[in-house]
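Open the structure in a viewer and follow the stops below in order. Each stop gives a selection and then says what is there.

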Amino acid sequence: MEVVRTRLKESPRLKRLLDYMVMNQRDARPRWYVRLLAPLYQHRGRGSKIYWSVRMDTPPYRRFSLGRHSVVESFSCVNNAVGDVVIGDYTRIGLHNTIIGPVSIGSHVNLAQGITVTALNHNFADPHRRIDEQGISTKPVVIGDDVWIGANAVILPGVTIGRHAVVAAGAVVTKDVPDYCVVAGVPARIIKNS
């Protein structure tokens, strides 16, 4: 698979053709026939579960991996179209979460309900061009092991959340969170350091 990814990076024309064949350009999600093949190219660890109502926008040219005994709850959306999504073992992605890669989530992580974790941003620097013409940029998000993120929190591009950290409900995390810290607020700030 890595050989195929390397070849696609070297040939923009072939990549555009493959992207057209795999992704529905209007709906920005894999075409129906690609979604039928998802069990063949998604990695799902033993004892893991993805509920039937989860929107899995995971084209085969990016990596999706769900660790052992991990769960993606109902009405969530997982999108790896612009970067890999890797979820560790014994991790729970709560109801109605949105995860847009590239994102790496560790093991024994709990994400409550309504959380957005996104590594994608739309470019908007040129005021003389429409935003949808300016493309996107990505900065990977990394969530360490043994992290708890409260309901309706937002984790923005480029953020790393350290081991055994807690993000309070409703927090907007714009900067890295050190290990063993509790953050809260908009923007999130450290309120407790163990």
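This is a predicted model: local features need pLDDT of at least 70, side-chain atom pairs count only at pLDDT 80 or more; totals for chains, interfaces and linings use all residues.

Select helix H2 (12–22), strand E1 (23–24), strand E15 (120–122) and strand E16 (136–138): each of them supplies at least two residues of the lining of the largest pocket. The volume of this pocket is about 410 Å³. Its lining has 16 residues, and those closest to the centre are Met23, Ala81, Val82, Leu120 and Ile136. Coloured by type, the lining residues divide into 8 nonpolar, 5 polar and 3 charged.

Select Val117, Ile143, Ile149, Ile155, Ile161 and Val167, the residues with the most contacts inside the largest nonpolar core, which has 35 residues. Strands E6 (64–66), E9 (85–87), E12 (103–105), E17 (141–143) and E23 (181–184) are the elements that give two or more residues to this core.

Move to Ile105, in strand E12. Is Ile105 buried or exposed? Its relative accessibility is 2%, so Ile105 counts as buried, the cut-off for that class being under 20%. Show the residues around Ile105: leaving aside neighbours within four places in sequence, it is in contact with Val86, Ile87, Gly88, Thr91, Ile93, Ile99 and Ile143. For a distance to display, take the C-alpha atoms of Ile105 and Leu66, which are separated by 9.6 Å and lie 39 residues apart along the chain.

Now turn to charged pairs; the structure holds 6 salt bridges. Select Asp89 and Arg68, whose side chains meet in one of them, at 3.0 Å from N to O. Asp89 is in the loop between E9 and strand E10 (92–93), and Arg68 in the loop between E6 and strand E7 (71–72), so this pair ties together parts 21 residues apart in sequence. Arg68 has 34% relative accessibility and therefore counts as partly exposed.

Finish at Arg130. It forms a salt bridge with Asp132, with the closest N and O atoms 2.9 Å apart, and both of these residues are exposed. Arg130 also forms a salt bridge with Glu133, where the closest N and O atoms are 3.4 Å apart. Glu133, at 40% relative accessibility, counts as partly exposed. Through shared partners, the salt bridges join Arg130, Asp132 and Glu133 into one network.

Note on methods: Residues are numbered from 1 along each chain as its sequence is written. Side-chain values use heavy atoms; hydrogens and water are left out. A nonpolar core is a set of buried Ala, Val, Leu, Ile, Met, Phe, Trp, Tyr and Cys residues joined through side-chain atoms within 4.5 Å. Buried means under 20% relative accessible area, exposed over 50%, partly exposed in between (1.4 Å probe, protein chains only). Helices (H or I, at least four residues) and strands (E, at least two) are DSSP runs, numbered from the N terminus. On a 1 Å grid over the protein atoms alone, a cavity is a set of points where a 1.4 Å probe fits but cannot get out, and a pocket is an open set with protein on both sides within 12 Å along at least five of seven lines; lining residues have an atom within 4 Å of a point. Grid points are joined across faces, edges and corners, and a volume is the space filled by probe spheres set on the points. Ala, Val, Leu, Ile, Met, Phe, Trp, Tyr, Cys and Pro count as nonpolar, Asp, Glu, Lys and Arg as charged, and the others, Gly among them, as polar. Contact means heavy atoms within 4.5 Å. A salt bridge is a side-chain nitrogen of Lys or Arg within 4 Å of a carboxyl oxygen of Asp or Glu.
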